[in-house]
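Reader: Hey, could you walk me through this one? I'm new to it.
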Amino acid sequence: MAINRRPPHPARGPVILLVILAVLIGAVVLIAQSVDEVPQRPIEVDVARDQPS
């Protein structure tokens, strides 16, 4: 006896891609929110270093 299998739904491929994309975007958002911001210090430049004395 043959098993009658229905073909997959036409939107199955795009739906799978959208789910994977949503998971990736969620992971990127979670990683971005978990990063601690480091305060930046101003760069100190010695302007008199190259001048002759």
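Reader: How many helices and strands does the protein chain have?
Author: The protein chain has one helix and zero strands. Helices (H or I, at least four residues) and strands (E, at least two) are DSSP runs, numbered from the N terminus. This is a predicted model, where local features need pLDDT of at least 70, side-chain atom pairs count only at pLDDT 80 or more, and totals for chains, interfaces and linings use all residues. Residues are numbered from 1 along each chain as its sequence is written, and side-chain values use heavy atoms, with hydrogens and water left out.

Reader: And what share of the protein chain is buried?
Author: Buried residues are 0% of the 53 in the protein chain. Buried means under 20% relative accessible area, exposed over 50%, and partly exposed in between (1.4 Å probe, protein chains only).

Reader: OK, where is Leu18 found?
Author: Leu18 sits in helix H1, residues 12–34. Its relative accessible area is 57%, so Leu18 counts as exposed.

Reader: Switching topic, where is His9 found?
Author: His9 is in the segment before H1.

Reader: Is His9 buried or exposed?
Author: His9 is exposed, because its relative accessible area is 60%.

Reader: What does the side chain of His9 reach?
Author: At 3.1 Å, the His9 side chain reaches the backbone nitrogen of Ala11. That's a polar contact: a pair of N or O atoms within 3.5 Å; within protein, one must be able to donate a hydrogen and the other to accept it, and residues adjacent in sequence count only if both atoms are side-chain atoms.
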